[in-house]
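The sequence and the structure are shown first, and the description follows.

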Amino acid sequence: MDALSKLQRTLIRKAQPLTSRTEDAFHKYPRHLFVPEYSLSEAYADHPLLIFEQYPYVSTISQPSFVLKILDSLEIEKGHKIFELGTGSGWNAALMSELTGPTGLVVSSEVIPEVAQRAQKILGKLNIVNVKVLSHDGFEGHIEDSPYDRIIFTAGSEEFPSRLFDQLKEGGRMAFVRQRPHESDLLEILLKEKYHWKVLSTTPCSFVSVIRKKETRSEGGALSW
């Protein structure tokens, strides 16, 4: 077994239990392809990595084992249409592109133009055609491609995204990172039922804050993933 295979196998073990579909997506789009500035050992370390820093913005690629667990909890199916807030490196979008397949669509928004361009370049090199990267305020969603089967947040917010939630199909799932003052963030898997949400699971976590466009919100943190 070569060094890359050993690193990947170790990471998969940390993320267990996972479905075989998520593991297959991980092997098709390995993490190191999205962080070429890092060594293999750094790319498969189970912690976030910095991919962009230019005041006041910071963007990271998140802890890989947690990324895989979140995707598993969303139960993404072939043909699903997914909205992602926070493109970051593009790795999460690539994984979801494989899970939803050629008949599905991933719409990924990134508010930092340089990060959006970076991700688009990598996705293009990999010939991933069912991901649409938008450089705009993802908190508002993207009505043109709605409704969505799944919505995923890769940054935290104290404010609930009501307008974006409206773009989720009935019976759809949203992975929302709820920030709480003086407490840890919570990753909530929400099920939409009769225009309201039902919390399926909660997991303590730590994410950077959602960035809003200046005309929408005067301050913010950074997108990650």
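## Helix α1 and residue Q8

Not counting residues up to four places away in sequence, Q8 touches F26, H27, P30 and Y44, where contact means heavy atoms within 4.5 Å. Q8 belongs to helix α1; helices (H or I, at least four residues) and strands (E, at least two) are DSSP runs, numbered from the N terminus. With a relative accessibility of 8%, Q8 counts as buried, a term that means under 20% relative accessible area, with exposed meaning over 50% and partly exposed in between (1.4 Å probe, protein chains only).

The model is predicted: local features need pLDDT of at least 70 and side-chain atom pairs count only at pLDDT 80 or more, while totals for chains, interfaces and linings use all residues. Residues are numbered from 1 along each chain as its sequence is written, and side-chain values use heavy atoms, with hydrogens and water left out.

## Packing of α1 against α2

Two packed helices are described by the angle between their axes and the distance between the axes. Helix α1 (residues 3-15) and helix α2 (residues 20-28) have axes that come within 12 Å and cross at roughly 150°; axes are lines fitted to C-alpha atoms, for helices over the stretch in contact, and angles run from 0 to 180 degrees between N-to-C directions. This angle makes α1 roughly antiparallel to α2, given that angles under 35 degrees count as roughly parallel, over 145 as roughly antiparallel, 65 to 115 as roughly perpendicular and the rest as oblique.

The crossing of α1 and α2 is right-handed; a crossing is right-handed if the near helix is turned clockwise from the far one by less than a right angle, and left-handed if anticlockwise. On the α1 side the contact is made by Q8, L11 and I12, and on the α2 side by E23, F26 and H27. These residues divide into three nonpolar, two polar and one charged. In this grouping Ala, Val, Leu, Ile, Met, Phe, Trp, Tyr, Cys and Pro count as nonpolar, Asp, Glu, Lys and Arg as charged, and the others, Gly among them, as polar.

Helix α5 is largely enclosed by the rest of the structure, because nine of its ten residues are buried. The buried residues are W91, N92, A93, A94, L95, M96, S97, L99 and T100.

The axes of α2 and α5 come within 9 Å and cross at roughly 125°, which makes α2 oblique to α5. The crossing is right-handed. Here R21, T22, A25, F26 and K28 in α2 meet W91, L95, E98 and L99 in α5, and the residues of this contact divide into five nonpolar, one polar and three charged. Helix α4 (residues 64-74) also packs on α5, with axes that come within 11 Å and cross at roughly 35°, again in a right-handed crossing. The α4 residues P64, V67, L68 and L71 contact W91, N92, L95, M96 and L99 of α5. That contact divides into eight nonpolar residues, one polar and no charged.

## The nonpolar core

The largest nonpolar core has 64 residues, of which L68, L71, W91, L95, I151, F153 and M174 touch the most other members. Such a core is a set of buried Ala, Val, Leu, Ile, Met, Phe, Trp, Tyr and Cys residues joined through side-chain atoms within 4.5 Å. Leaving aside neighbours within four places in sequence, W91 is in contact with F26, Y29, P30, R31, F34, I61, P64, V67 and L68.

## Glycines on either side of α5

G88 lies in the loop between β3 (81-85) and α5 and is buried, with a relative accessible area of 0%. Just after α5, G101 takes a positive phi of about 75°. The loop that holds G101 runs between α5 (91-100) and β4 (105-109). G101 is buried at 4% relative accessibility and, leaving aside neighbours within four places in sequence, is in contact with K78 and N130.

The peptide bond from Q16 to P17 is cis, with omega near 0°, and P17 lies in the loop between α1 and α2. Another cis peptide bond joins S146 and P147, with omega about 5°; P147 is in the loop between β5 (131-134) and β6 (148-157).

N127, although not a glycine, has a positive phi of about 60° and counts as exposed at 63% relative accessibility. H182 is also not a glycine and has a positive phi of about 65°. H182 is found in the loop between β7 (168-178) and β8 (185-193) and is exposed, with a relative accessible area of 86%.
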